[in-house]
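Please read them with the structure open beside you.

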Amino acid sequence: MCNLCERVLSSVGRSVVTIACGASPFRTMRERMIPAAAGDVLEIGIGSGHNLDLYDRDRIRTLVGIDPDTKMLAMAGRRACDLGRNVRLMEASAEELPVETQSVDTVVASYVLCTIPDTDKALTEIRRVLRPRGRLIFLEHAAAQGKILPHVQRRMNAGWRLLAGGCNLVRDPLSKITNSGFGLDCLTERNFTGSMRFLGRHIAGIAVSDTQ
Ligand SMILES: C[S@@+](CC[C@H](N)C(=O)[O-])C[C@H]1O[C@@H](n2cnc3c(N)ncnc32)[C@H](O)[C@@H]1O
C-alpha cells in the first residue's frame with residue numbers, strides 16, 4: 001500500500017475508533033467498570049483517553065497510559081489537560097511494557113484486546129507487571145454467538161480492520177484472558193444491539209492472576 005494511502009487509512013481509523021468508542025453502550029460499561037481501578041494504575045492502549053474522567057481520584061495513587069500511536073496519545077494528553085487529570089503518557093506497546101515487574105495494582109484494558117497484534121504476549125506482560133493480587137479490568141467486544149452473526153462478522157472483518165485501526169471482530173478475548181493464567185472475579189456479558197449488533201458480545205470484568 002502506498003505511503004499516502006496508509007496515512008489516510010490511519011487517520012480514518014483514528015476517527016472511527018474515537019467516535020465509536022465514545023458511543024453510549026461503551027460509555028455505560030466504562031461508567032460501571034473504570035471507577036474500580038485503584039492504586040498504581042496502568043491503562044494499556046489508552047487511545048484518546050475515553051476513561052480519563054471516570055477514574056476515582058480518591059482511589060488512584062498513580063496513573064500511566066501507554067499507546068503505540070503518538071497521535072492518540074496527543075488526544076489523551078489534551079483530554080487529561082482539560083480534565084486536570086494527572087496521567088503519565090508513554091509511547092509503547094502492550095507486548096513490551098516499559099514498566100517494572102510487579103509494580104502495578106490495576107491494569108485497565110478497554111476495547112484494546114481486539115487490536116493488539118499479539119494478545120498472548122500482551123497478557124503475559126500484564127501478568128508480569130501486576131503485583132500479587134493485582135487486577136486486570138477489561139472491557140471488550142467479542143465474537144458473536146449463534147449462526148448468522150458470526151458469519152456476518154467473518155465477512156466484514158477484513159474491511160472493518162482496515163477502516164477501524166486494526167480492530168478485529170472475530171476474537172474471543174475472554175478465552176484469551178482465562179487461558180493466560182487469570183481467574184475471573186466478576187463478569188458482565190451482553191449483546192450489542194441495533195446498529196452496533198455487528199460488534200457481537202459486549203463483555204467486561206475483573207480478572208486476577210491466579211498464580212500470584
Ligand atoms: C479501539 S482503540 C481503544 C482505545 C481506548 N482503550 C478506549 O477505551 O477508548 C484501540 C487502541 O489500541 C491501541 N493499540 C494498537 N496496538 C496496540 C498495542 N500493540 N499495544 C497497546 N495498544 C495498542 C491503538 O493505538 C488504539 O489507541
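1. The model is a predicted one, in which local features need pLDDT of at least 70 and side-chain atom pairs count only at pLDDT 80 or more, while totals for chains, interfaces and linings use all residues. Residues are numbered from 1 along each chain as its sequence is written, and side-chain values use heavy atoms, without hydrogens and water.

2. The patch on the surface is formed by L4, V8, V12 and L163, which together have about 330 Å² of accessible area (Shrake-Rupley method, 1.4 Å probe, only the protein chains shown counting as cover for residues). Patch residues have over 30% relative accessible area and no salt bridge, with like charges joined within 9 Å and nonpolar side chains (Val, Leu, Ile, Met, Phe, Trp, Tyr) within 5 Å. V8 belongs to helix α1.

3. Helix α1 (residues 3-20) packs with helix α5 (residues 148-163) at an angle of about 95°, their axes being 7 Å apart. The two are therefore roughly perpendicular to each other (65 to 115 degrees, with axes fitted to C-alpha atoms over the stretch in contact and angles running from 0 to 180 degrees between N-to-C directions). L9, V12, G13 and V16 of α1 meet W160, L162 and L163 of α5 (heavy atoms within 4.5 Å).

4. Eleven salt bridges are found in the whole structure (a side-chain nitrogen of Lys or Arg within 4 Å of a carboxyl oxygen of Asp or Glu). In one of them D53 pairs with R27, the closest N and O atoms being 2.6 Å apart. D53 lies in the loop between β1 (39-44) and β2 (60-67) and R27 in helix α2 (residues 24-33), so the pair ties together parts 26 residues apart in sequence.

How values were computed:
Helix = DSSP H or I, 4+ residues; strand = E, 2+ residues; numbered from the N terminus. Parallel < 35°, antiparallel > 145°, perpendicular 65-115°, else oblique.
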